[in-house]
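User: Hi, I have a structure open and I'm new to this. Can we walk through it together?
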Amino acid sequence: MSELAAILAERIRRDGPLPYDEVVDSALYHPTYGFYATGGQAGRRGDFLTSPEVGPLFGAVVARALDAWWDELGRPDPFRVVEAGAGVGTLARTVRAAAPACGPALHLVLVERSAALRAGHPADVTSLADLPEPDGPAVVLANELLDNLAFGLLEMTGGGWSEVLVDVGEGGGLTEVVRPAGSELLARAAPPAAASPGARLPLQAAAADWLRRALAVAGGGRVVVVDYLATSAELVGRPWTDWVRTYAGHGRGGHPLVRLGGQDVTVEVCLDQLSRVRPPTAQRSQAEFLHAHGIEALAEEGRRRWAERAHIGDLAAVRARSRLTEAAALCDPAGLGAFGVLEWTGQPSSSQG
Ligand SMILES: C[S@@+](CC[C@H](N)C(=O)[O-])C[C@H]1O[C@@H](n2cnc3c(N)ncnc32)[C@H](O)[C@@H]1O
């Protein structure tokens with residue numbers, strides 16, 4: 001049993017079974033034994049790198065998007081851009097390397113919960129462990145953050161929706177138990193009525209809470225979320241092991257309760273659960289978002305430079321060639337290109353948010 005499992009087992013013996021999200025939160029973010037405290041970081045998840053880790057092209061397109069959003073906001077100086085779940089700061093570095101027009105006004109705030117990863121942030125950006133206080137209109141960006149936030153679990157049992165909790169089993173290890181879900185939990189989760197026995201549903205309270213706070217920080221600016229998207233209705237129809245994915249090393253991991261702290265735990269993000277906070281103003285695929293912000297022109301520039309310099313084979317030629325491979329990976333309809341990009345702009349109406 002891992003140190004972390006022993007700590008949680010001790011707590012469960014004392015206080016009773018724990019909600020799933022508390023266990024997942026510890027597995028990922030326990031300050032000593034959590035995955036992200038012990039060397040885990042974005043990069044290769046199974047077969048995919050996160051988009052900023054594919055290479056500098058994603059950041060170059062985001063830099064163009066930032067210029068467009070800066071214009072829309074009336075070119076504020078400072079232009080506050082908050083990147084949440086920033087990891088070691090790769091996206092911020094590549095945005096800056098692209099030298100956007102808004103660069104001189106750009107005030108980057110990188111928010112990263114893991115102290116180990118914050119240590120990698122560039123020295124000249126504001127680096128925080130949690131979202132800052134609202135301070136005028138801002139852009140809040142999060143790439144693959146919400147799928148990495150803890151989630152509760154519901155399961156359809158004979159008597160209706162039950163909550164999945166984590167208990168200590170007879171052998172002393174952590175095990176799942178189901179208990180009828182309370183009316184308050186059901187009211188919050190609003191699970192689909194139709195589901196087969198054994199169907200499961202994630203309850204993404206942490207993601208909804210993050211969005212609520214991010215909208216306040218954006219203050220009428222823009223919140224942009226890039227992630228694996230689904231709906232609650234879709235997820236109850238798929239095996240839960242399909243939409244809760246764990247990663248260890250460079251491959252898939254095991255059940256979320258094994259190797260606690262030794263594997264990444266991710267969940268597809270339910271659009272309907274976020275929409276209950278506030279429906280997004282725009283929703284499109286990553287490929288559509290990147291095309292709208294000029295990835296084709298950047299790839300074309302790479303193609304031209306590669307044609308000019310391939311015979312020289314210098315660094316500029318290799319970079320140009322790499323831009324083409326990156327564009328293909330970032331727009332791949334069977335991979336990163338299929339991710340969803342959600343945007344919230346403007347002020348919420350008084351009944352929302
Ligand atoms: C999958 S990684 C993505 C990193 C980076 N955005 C990328 O795309 O390469 C998710 C990151 O979010 C961080 N994180 C999790 N919860 C957070 C929170 N509430 N606030 C800020 N960062 C958080 C994790 O520590 C992790 O570094």
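Predicted model: local features only at pLDDT ≥ 70, side-chain atom pairs only at ≥ 80, totals over all residues.
User: How much space lies in the largest cavity?
Analyst: About 50 Å³.
User: Which residues line the largest cavity?
Analyst: Its lining is made of Phe58, Val62, Leu91, Leu141, Ala142, Asn143, Val226 and Phe289. By class, 7 of them are nonpolar, 1 is polar and none is charged.
User: Which element gives the largest share of that lining?
Analyst: Strand 7 does, with 3 residues. Strand 7 covers 138–143, and both it and helix 4 supply at least two residues of the lining.
User: And the second largest cavity, how much space is there?
Analyst: About 40 Å³. The residues around the second largest cavity are Val62, Leu66, Val81, Glu83, Leu91, Ala92, Val95, Leu108 and Leu141.
User: How does that lining divide by class?
Analyst: There are 8 nonpolar residues, no polar ones and 1 charged one in the lining of the second largest cavity. Helix 5 gives the most, with 3 residues. Helix 4, strand 4 and helix 5 each supply at least two.
User: OK, open spaces now. How much space lies in the largest pocket?
Analyst: The largest pocket holds about 660 Å³. Its lining has 35 residues.
User: Which of them lie nearest its centre?
Analyst: Tyr29, Gly85, Glu112, Leu145 and Leu149.
User: Which elements give two or more residues to the pocket lining?
Analyst: Helix 2 (20–29), helix 3 (51–54), strand 4 (79–84), helix 5 (90–97) and helix 8 (205–218). The largest share, 4 residues, comes from helix 8.
User: How many of the pocket's lining residues are charged?
Analyst: The lining of the largest pocket has 10 charged residues, along with 17 nonpolar and 8 polar ones.
User: Switching topic. How many residues has the largest nonpolar core?
Analyst: The largest nonpolar core has 41 residues. Those with the most contacts inside it are Leu66, Trp69, Phe79, Val81, Leu141, Leu290 and Ile295. Helix 4, residues 57–72, gives this core its largest share, 10 residues.
User: Why would nonpolar side chains gather like that?
Analyst: In soluble globular proteins, nonpolar side chains tend to be buried together.
User: What does Leu290 touch?
Analyst: Leu290 touches Phe58, Val61, Ile295, Leu330 and Cys331, leaving out residues up to four places away in sequence.
User: How many residues are in the second core?
Analyst: The second core is separate and has 32 residues. Val24, Phe151, Leu174 and Trp240 are among them.
User: What domains is the chain divided into?
Analyst: Domain 1 is 3–34 + 152–203 + 235–267. Domain 2 is 44–149 + 207–228 + 268–290 + 331–345. Domain 3 is 296–330.
User: What distance separates the centres of domain 1 and domain 3?
Analyst: Taken over C-alpha atoms, 45 Å separate those centres.
User: Backbone next. Is the peptide bond from Asp77 to Pro78 cis or trans?
Analyst: That bond is cis, with omega near 10°. Pro78 lies in the loop between helix 4 and strand 4.
User: What is phi of Arg75 near?
Analyst: Phi of Arg75 is near 50°, a positive value in a residue other than glycine. Arg75 also lies in the loop between helix 4 and strand 4.
User: And where does Arg259 lie?
Analyst: In the loop between strand 15 (251–252) and strand 16 (264–267). Phi of Arg259 is positive too, near 45°.
User: Why does Arg259 count as exposed?
Analyst: Because its relative accessible area is 53%, and exposed means over 50%. Arg75 is partly exposed, at 49%.
User: Last one. Is Leu271 buried or exposed?
Analyst: Leu271 is buried, with a relative accessible area of 12%. Leu271 sits in helix 11, residues 271–275.
User: What is Leu271 in contact with?
Analyst: Ala230, Pro280, Gln283 and Leu342, leaving aside neighbours within four places in sequence.
User: What distance separates the C-alpha atoms of Leu271 and Ile295?
Analyst: They are separated by 26 Å, and the two residues are 24 residues apart along the chain.

Definitions and conventions: Residues numbered from 1 in each chain as written. Heavy atoms only, no water. 1 Å grid on protein atoms, 1.4 Å probe; cavity = no way out; pocket = protein on both sides within 12 Å on 5 of 7 lines; lining within 4 Å. Points joined across faces, edges and corners; volume = space filled by probe spheres on them. Nonpolar A, V, L, I, M, F, W, Y, C, P; charged D, E, K, R; others polar. Core = buried A, V, L, I, M, F, W, Y, C linked by side-chain atoms within 4.5 Å. Buried < 20%, exposed > 50% of the residue type's maximum accessible area, 1.4 Å probe, protein only. Contact = heavy atoms within 4.5 Å. Domains from an automatic or database assignment.
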